[in-house]
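Q: I am new to this structure, and I would like to learn how its features are read, one at a time. Could you take me through them?

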Amino acid sequence: MSSDTRPKYLNLFKIKLPIAGIISIFHRLTGLLLFIAIPVSLYLLQLSVKDVHSFTTVTDLMLSPLTRFFILLILWSFVHHLITGMRFLFIDLEFFLDKNASRYSAWGVVVIEAIIMAIIIKGLFL
Amino acid sequence: MSMVALEGLRPWVLQRLSAVYLVVYIIYALIYWLFFQTVTFANWHGWISQDHNQVLLGLFYLAVLIHAWIGIRDILLDYIKPFLLRLLLLFGVAVFLIGSGFWLIKILIVVNA
């Protein structure tokens, strides 16, 4: 019987998730990171409007090698969440519904994201 | 868990509406700061202090808080099954977000003081 060969449990390492599934899971993960970043953004906003000295502290923080990883992580989270979110809005409007359109639009998201991140990294650090 | 506040079409619509506002505001701010203004303290402080930008930024964070509430709520409802723990975490998230909202109000008031 073919039904005997069906998996009896969900082994996450045996599931080959399509690209649309991968970017969707990262939409959720980056959303969680951005949630944690809300008070950080408020703290930086508060500092940035206080006086010139505090403003410089914030801009220096953006460029410091120590905080660079976290700044990039948050910026990437933001870009990924935004671009995948816009894809979900298109899906709500019934675009990208069939298998190929879903796959191509998911890869499109990855490409657009890579371009935006390249521009951000070039603009901030190079 | 079948509380009316935790299900239905309304959060789905709110999630999309807040998302659209966030995208529009980000495009507005990006275009302004990338093409029409240089990033200095005076320019930044002046921009934030303008009445219409205070309103738009206030709405931006309101959209962020609504969007975050629905998103985190969905995550907790998906993964946290024990009733009491779920309730506790939802409560914690709500306090966290409402507190963030009051913090922003304070920042906006101080900017203009």
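**Reading a helix contact between two chains**

A: In H1(A), the residues Ile38(A), Pro39(A), Leu42(A), Leu45(A) and Gln46(A) meet Ser100(B), Trp103(B), Leu104(B) and Ile107(B) of H4(B), where two residues are in contact if their C-beta atoms, placed from the backbone, lie within 7 Å, and where helices (H or I, at least four residues) are DSSP runs numbered from the N terminus. This is a predicted model, in which local features need pLDDT of at least 70 and side-chain atom pairs count only at pLDDT 80 or more, while totals for chains, interfaces and linings use all residues. Residues are numbered from 1 along each chain as its sequence is written, and chains are lettered from A and ligands numbered from 1 in the order in which they are written.

Q: At what angle do H1(A) and H4(B) pack, and how far apart are their axes?

A: Two packed helices are described by the angle between their axes and the distance between the axes. Here H1(A) and H4(B), which is residues 83-112 of chain B, pack at about 10° with their axes 10 Å apart, the axes being lines fitted to C-alpha atoms over the stretch in contact, and the angles running from 0 to 180 degrees between N-to-C directions. That makes H1(A) roughly parallel to H4(B), a description that applies to angles under 35 degrees. The residues of this contact divide into 7 nonpolar, 2 polar and no charged, counting Ala, Val, Leu, Ile, Met, Phe, Trp, Tyr, Cys and Pro as nonpolar, Asp, Glu, Lys and Arg as charged, and the others, Gly among them, as polar.

Q: How many residues does each chain give to the whole contact?

A: Chain A gives 18 residues and chain B gives 17 residues. On the side of chain A that touches chain B, the largest share, 10 residues, comes from H1(A), and by class that side has 12 nonpolar, 4 polar and 2 charged residues.

Q: Which elements cover the buried residues of H3(B)?

A: The buried residues of H3(B) include Leu57(B), Phe60(B) and Trp69(B), and what covers the buried residues includes H1 of chain A together with H1, H2 and H4 of chain B.

Technical notes. Angles under 35 degrees count as roughly parallel, over 145 as roughly antiparallel, 65 to 115 as roughly perpendicular and the rest as oblique. A residue is buried if 20 or more other C-beta atoms lie within 10 Å of its own, exposed if 12 or fewer, and partly exposed in between; C-beta atoms are placed from the backbone.
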